[in-house]
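User: Please go through the fold and the side-chain packing of this structure with me, in questions and answers.

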Amino acid sequence: MAAGPVRRFQLFRLADEEHVLSLNYHHIVTDGWSGGVISRDITEAYRQLRAGRTPELPAPAATYADHVERQREQRASGQWESELDFWQERLAGLEALELPADRVRPAEPTRNGETFTVALPAELLEQARALAQEQGASLYMVVAAALKVVLARYSGQDDIAIGVPMLGRTDPELEDVVGLFINMTVLRSDLSGGITFAELIERIADNNLDVYDNQDVPFDHVVDRVQPVRDAGRNPLFQIAVQLLGETTTGDALQLDGLETESILVSGGRSRFDLSFSFIEGPDRLRLIVEYATDLYDRRRVEAMVRHFRTVLGAAAADPDTPVAKLPLLTEEERQELLAVGRGADFDYPTEPVHATIARIARDHPDLVAAVCRGREMTYAELVRRADKLARHIRSRGLKQEQVVAIAMDRDLDALVAIVGVMVSGAAYTIIDPSHPNARLDHMLRDTAAPLVITRDADVGDLPPSSGWEVLRIDTEWEAVEAEPTDVPLEEWTEPTSLVYVLYTSGSTGMPKGVMIEQRGLRMFVEAYRRTFGEWGHTDRLLQLPALTFDMSQGEIFAGLISGSAMVLVAPEDASSPESLGSLMREQRVTYAGLSPAILSLVEAEPYPDLKYIMGGAEALPAELVNKWNLPGRMFVNLYGPTEASIATTEYLCEHREWKSSPPIGRPEFSRLHYVVDKEFNLVPVGVPGELLIGGDEGLSRGYLNLPELTDEKFVPDPFLGEGRVYRTGDLVRWTPDLQIDFIGRLDNQVKLRGLRIELGEIESGLLTHPKVRMALVLLREDDGEKQLVGYYTVLGDTSPTVAELRDHLGRTMPEYMVPTAWVELEEFPLTPARKINRAALPAPVGAGGAADSYIAPVTPTEEKVVEVFGTVLSQERVGTGASFFELGGNSLQAMRAVSRLNKHFKVKVNVRLLYGGATVGALATAIDELVAKAGKAASRA
């Protein structure tokens, strides 16, 4: 700018009758309206030249200097202060708009961007104009309303703010002046409360008038007054700009006598905001110029957004009284595609009871090994014989069909007999862990009204006092079971809809809730799962590691037993040692192992000569673990599913390649229905997060035992089929571009910190890409009265990463507010009995995590003051000059408090950005000294 020029006019000759006129200006001397003024003047000058006259253009009635003087008068008169009060009230509590993106928002935006133009259908323009006239609104209000509906549906937010450029030419005399008059304002709208599209237009019209009346105060002054939470990677107050211009008020208006003219859009490869939508209205056409940040978005996603805008606008114009939450977003083609890909293939599976299939295998192959534990084997014939004896004994005690029998013991051969025996009897079973607190066990026993508890003599003392139930000691009282007569065939009580087991999961009330699974749901899963790996057979040996209280245990056990495979039951002493578990897998020639990510991270991935099939599930699966275990000759499947949908419902076979991020959870298994929806049960577009609904009545549980209200809340009518139920998983997922389901996290794993929404799983995924991090988990904790993100991690290799390394690693791809301010290195993550990470057992962070490792005392007075300010703001007694603000545990809000104190003391303006990028106290003090010196020189010259 110092060298100039700030404007350039060039004519390029392509042929004798084809030329390109390039009009190039710096934005500081022009704006969109000015482009129309310049085009009009060129048009008139060309007309006069063509007529043989020297162009004479009328002088404007005012100048840009008049505009500047008017602004000064407005400020002096207090008009700006009045407008600032308005904006402070209007924008209070405004949260950042969080649109789904293709890449993580960078800590520092590059402003790289692309631009494309869409010609909207002429009939859509006609419909929009008719709607505007009907509602007494402008065309801009209509298109802004439609776009806000799209933004709300993409983000899941109801409070939507967009940037609106105001012409800044409220004085008519300024309309012919070329210059930068434009000023950004914010149009905020509330889409909650079930409002209709017509009501949204009315709200926007009212708000637009307020914006017009308060458009004069410059945007930077508004930002200073409102004081939003600042993020270096995000435009303050709004991230999306929307404007509507007439063709005659833009550079497109160039019309030269005797020539055909056509405007050529030239993309500068830049984007001022995350997204910018410029509607250009002509007499019979409406074009949309879209500018988007390539740091965040692929063109495919932005084109889809434009397509959805068209769908919403068309539907709203047809019926403006439709609630905005019910307006269709997807095209019919998109909708049918998502419904089709969310439906698992139909398949016929046996309806005979699971235990009947096991008995048939025992008859045909009596000597096949059914299970082995602690080196002791049990054949299918022996398993079925003992289970039959136990079933007869259970019936002899008067138990009826679907009464619940509790099984309280560790995994071993007796436990397997107990499970199958209860199933054969026609009763249902529940698994309880004798090591759990008595209050929890007592709740389960009372909740199920179990009349019988099958356990071992050694475990009886760990059970709560009886509330009416009897005990069967399967070890010391087996003689009585063995004595049961078998001369009369046992009548089969079980039907496909019979209750097979009740499994307890954690409940929000603090007490576990019992999930009721039917025979058909269990059968559906095991038949699908055994086909996942090409159908198991008699030569397969399946590791059975998950706790019996975890539903995957039931799935593995019965998928293996109906296949005639051998179950390798892991004894508790082997389950607690990675080395013992690895040795057991080798000694028992295990061909299949289902391991949670926590276990996959602990156990060595080889050598296991017989291992062919691996399942990773239960939690999000880090890429590093897939790469570690998915070796040549193996099949690695990522499995997903909630207990309420009978164990698992989707699967993804991981390709043999180097994974950089967690694999998707795949597509639905046989006969399963999956929908990804927003909070109003609308299907969401590809790439947009939504809640996963699982349907298909045969595979769903009955619901929660003795909790009808919770059952009705979580199991709701299928919103798309019109019959049957779906289960609301509470899991946040999205469809990938190749139509796989990608697991993001729990809906309740989204947290807010200082007004910004954060998906903890996104930070965890980023940490797992660090070469020294094996496992990672991030929590939002409130310790000592202040909320902060805490990063927990275990080390990969022999060298621990420093806090600075971890912060720097995340800071390369994530904004500051997403970088944890406290860190805890763990030897191993604490686990629940189901081998999942026990979040409740994670320790609170201690200290600043490495900030005091190398203390350097302050030397200069400036360093002493910076140390004092940092210590005060961060409540730290010892701060050295080698420490950085964020390494000490600071956050962006505290950074602003620190800068405010420094500005007040040194009487200079310290930019908060100086605290970012790992700047130390010493470096900051040097920068302040330079600012003070510069200010002193300026004062002496004055």
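Predicted model: local features only at pLDDT ≥ 70, side-chain atom pairs only at ≥ 80, totals over all residues.

Analyst: Residues are numbered from 1 along each chain as its sequence is written, and side-chain values use heavy atoms, with hydrogens and water left out.

User: What share of the 942 residues of the protein counts as buried?

Analyst: The protein has 26 helices and 34 strands, taken as DSSP runs numbered from the N terminus (helices: H or I, at least four residues; strands: E, at least two). Buried means under 20% relative accessible area, exposed over 50% and partly exposed in between, with a 1.4 Å probe and protein chains only. Of the 942 residues, the buried share is 54%.

User: Which parts does the pair of tyrosine 675 and phenylalanine 720 tie together, and how many residues apart are they in sequence?

Analyst: Rings of Phe, Tyr and Trp (its six-membered ring) pair if their centres lie within 6.5 Å, and planes under 30 degrees apart count as stacked, over 60 as edge-to-face and the rest as tilted. By this rule there are 26 aromatic pairs; in one of them, tyrosine 675 and phenylalanine 720 are tilted, at 4.6 Å centre to centre and 45 degrees between the planes. Tyrosine 675 lies in strand E24 (residues 673-677) and phenylalanine 720 in the loop between strand E27 (715-717) and strand E28 (725-735), so the pair joins parts whose separation in sequence is 45 residues.

User: Over which ring does the charged end of arginine 657 sit?

Analyst: A charge sits over a ring if NZ of Lys or CZ of Arg is within 6 Å of the ring centre and within 35 degrees of the ring normal. Arginine 657 has its charged end 3.6 Å from the centre of the ring of tryptophan 659.

User: How are H12 and H16 oriented to each other?

Analyst: The axes, lines fitted to C-alpha atoms over the stretch in contact, have angles from 0 to 180 degrees between N-to-C directions. Those of helix H12 (residues 413-425) and helix H16 (residues 551-561) come within 12 Å and cross at roughly 80 degrees. Angles under 35 degrees count as roughly parallel, over 145 as roughly antiparallel, 65 to 115 as roughly perpendicular and the rest as oblique. H12 and H16 are therefore roughly perpendicular.
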